[in-house]
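The following paragraphs walk through one protein model, starting at a pocket and moving on to its surroundings. Please keep the sequence and the 3D view open while reading.

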Amino acid sequence: MILATREISRLVRESLHAAQAAGKLPEFELEGIEARPSKRAEQGDYNVALMPFARPARMSPLQIAQIAVELMPPSDMVAKVEAAAPGYVNMFLSEDWLRAQVEAIYAENDDLYRLDLGQGKRAQVEFVSANPTAPLHIGRSRGAIVGDTMARLLEAAGYDVEREYYFNNAGAQMRNLGNSLKVRYLEALGQTVELSEEDLKTFYQGEYLRDFARELALEKGDAWINEDYHLFKAYAEQKMFEMIKATLDRVDIHHDNFFNENSLYENGAIWEVLEALDKRGYIYKASKSAVTDDQGDDENADGKGEATWFRSSDFGDSKDRVLVKSSGEPTYTLPDIAYHKNKLDRGFDLLINVLGADHYTQYQVVRAGIRALDLDASKINVIIVQLVAILRGGEVVRMSSRKGDFETLDDLIDQTSADAVRYMLLARSSDTHLNFDLDLAIKKSNENPVYYIQYAHVRCAGIFREAAARGVRVQNPDLRLLGDAELKFLRKVLELGEVIELSASTFEPHRIAFYALELANAFHPVFDNVRVLASDVDPAVAQARLYFFGAAQIVFRRVLRLMGMTAPEVM
RNA sequence: GCGCCCAUAGCUCAGUGGAUAGAGCAUUGGUCUUCGGAACCAACGGUCGGGGGUUCGAAUCCCUCUGGGCGCACCA
């Protein structure tokens with residue numbers, strides 16, 4: 001379907017252009033002409049503000065608007081154009097054109113409002129990216145939903161999208177995981193294992209490892225009893241990933257690529273990055289930072305010898321950062337920079353990184369690294385999601401990772417539903433804190449937006465069930481029989497294109513969630529007032545209305561799928 | 001101390017520099033001879049945290065203050 005704002009902007013631009021060619025307007029740049037959906041019916045369906053052109057034209061904005069109206073090219077989309085003070089062009093959509101959009105909805109169906117914004121360019125969204133040491137924590141869930149919805153919107157906008165998961169399966173944490181599983185394995189075989197204070201600090205205590213260990217004991221018996229952590233680590237990692245993927249699958253998230261941080265060690269990429277930075281003069285060796293930080297503390301220098309530092313302060317960072325510890329082991333920052341270089345090298349046109357607010361500083365350092373390597377940092381975009389608080393009975397639920405009934409994304413899904421999780425975590429701007437109200441999410445009432453939206457789809461499906469039962473089928477519907485209520489809903493449908501365009505270009509996927517609620521809000525009154533199968537409805541009118549509700553169902557299914565939610569036939 | 005985010009209706013929150021700031025919930029009052037009432041209609045409700053500035057025009061941009069949140073490791 002056509003993007004209404006784009007088309008109307010074009011009409012106004014052409015009319016002003018024609019005015020300039022005819023000498024009715026002086027020559028000046030026609031930039032920034034943007035149509036907006038109108039807020040008031042008496043001001044038309046779309047408005048274009050021409051006030052910015054008053055100065056270059058040296059005319060009153062109202063005069064410019066009048067000239068624009070006068071020279072407006074004809075369009076079957078537009079019924080009427082008016083100039084309004086102080087300088088607006090108000091457009092009224094043609095009702096015939098609006099009715100014809102019902103056909104367009106059927107034609108596009110599940111691809112409704114697929115745009116050409118991306119022009120087939122390659123985009124990559126990196127999200128979740130948790131290490132496979134534990135089930136997905138609730139803290140990751142918002143980024144997961146936001147990232148996947150962003151990917152869906154970019155696809156709708158015409159990008160070729162890849163979803164990527166970055167993880168680390170090397171290092172101390174994974175070794176700890178292997179050791180922890182071994183302990184549980186020995187326990188599963190009936191041995192008692194004494195753990196020192198020191199062991200407990202690094203021990204993964206989650207119940208999931210007991211489950212893995214029981215399976216392992218059944219599978220291998222005591223064959224692994226003398227193995228060190230390596231086999232256990234590999235086993236735990238594989239099980240962990242199965243678990244994480246299963247959790248993500250519950251909310252319909254599927255990554256195309258799992259990128260292993262360790263590969264950057266194996267192929268030497270991290271050392272190439274270090275060398276490149278060194279060549280450019282951004283590396284030095286020292287026992288402490290060459291830049292005194294604000295607190296002037298240098299306690300990290302104590303007896304540790306020389307580390308390898310990156311002059312990130314040259315790029316606006318508040319202090320320099322260590323890339324290689326005095327032990328010779330890289331910090332996570334070095335592979336992180338190498339990873340982002342790798343992403344750029346893979347030729348994506350657009351990169352999006354979904355990060356929790358607590359990782360923002362780290363991202364700044366990586367960005368500094370990319371700039372230091374003289375690579376195009378502008379291709380890397382970040383969606384920072386603020387923290388989530390879980391509320392029950394108006395109280396914040398503590399999300400302890402040690403104990404408690406509530407810590408994982410699975411818990412959240414269990415206690416509410418996959419659809420509720422997707423909607424609730426999406427329906428907030430990423431940069432505001434989010435309160436996830438458990439009581440609301442499970443409530444089966446009109447207070448719950450999840451049900452309100454899905455119910456619209458259910459009601460459409462209900463009409464068709466009833467129609468089928470009565471033997472009514474759509475044949476040659478006459479769209480002229482649609483009334484004002486239906487047209488009002490169709491006007492709202494038109495906004496879907498703008499929502500996709502805007503959310504894909506500003507990386508703000510939450511917009512689709514609010515739009516969905518508005519769409520449902522526009523739907524329910526129509527459903528209540530526009531009967532299809534009532535005895536007093538003329539059969540021809542019933543045909544047109546049935547056809548209309550079929551289109552409405554397509555729109556709801558499309559919107560729900562863009563949010564990764566199900567479109568139920570019954571509830 | 002420094003960096004980032006937030007402050008809009010009683011609550012939870014939308015709002016792309018454009019006309020009279022919106023929605024859901026809550027509250028109050030209505031609508032059922034029901035294709036699914038998990039619905040609809042109406043009313044009530046605002047110094048957009050305070051103060052400056054930029055602009056033809058500011059909730060939106062800039063500065064500042066206040067109040068919250070998150071970071072500021074030779075952890076990941």
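**The second largest pocket and beyond**

The second largest pocket holds about 1,200 Å³ of space. A pocket here is an open set of points on a 1 Å grid over the protein atoms alone, where a 1.4 Å probe fits and protein lies on both sides within 12 Å along at least five of seven lines; lining residues have an atom within 4 Å of a point. Grid points are joined across faces, edges and corners, and the volume is the space filled by probe spheres set on them. Of the 42 lining residues, Pro37, Ser38, Tyr46, Lys492 and Glu495 are the closest to the centre of this pocket.

This is a predicted model: local features need pLDDT of at least 70 and side-chain atom pairs pLDDT 80 or more, while totals for chains, interfaces and linings use all residues. Residues are numbered from 1 along each chain as its sequence is written, chains are lettered from A and ligands numbered from 1 in the order written, and side-chain values use heavy atoms, without hydrogens and water.

At least two lining residues come from each of helix H1 (4-21), strand E1 (35-37), strand E4 (88-93), helix H18 (484-506) and helix H19 (510-529). Helices (H or I, at least four residues) and strands (E, at least two) are DSSP runs numbered from the N terminus. H18 gives the most to this lining, 13 residues. By class, the lining has 19 nonpolar, 6 polar and 17 charged residues. Ala, Val, Leu, Ile, Met, Phe, Trp, Tyr, Cys and Pro count as nonpolar, Asp, Glu, Lys and Arg as charged, and the others, Gly among them, as polar.

Domain 1 (4-93) and domain 4 (446-562) each supply at least three residues of the lining. The assignment for chain A also gives domain 2 (171-258) and domain 3 (259-365); such bounds come from an automatic or database domain assignment. The C-alpha centres of domain 1 and domain 3 are 52 Å apart.

Two backbone details follow. Ala85 and Pro86 are joined by a cis peptide bond, with omega about 0°, and Pro86 sits in the loop between strand E3 (78-84) and E4. Arg58, not a glycine, has a positive phi of about 50°; Arg58 is in the loop between helix H2 (54-57) and helix H3 (61-70).

Elsewhere, helix H5 (residues 138-156) packs against helix H15 (residues 418-426) at about 85°, with axes 9 Å apart. Axes are lines fitted to C-alpha atoms, for helices over the stretch in contact, and angles run from 0 to 180 degrees between N-to-C directions. H5 and H15 are therefore roughly perpendicular (65 to 115 degrees).

How values were computed: Parallel < 35°, antiparallel > 145°, perpendicular 65-115°, else oblique.
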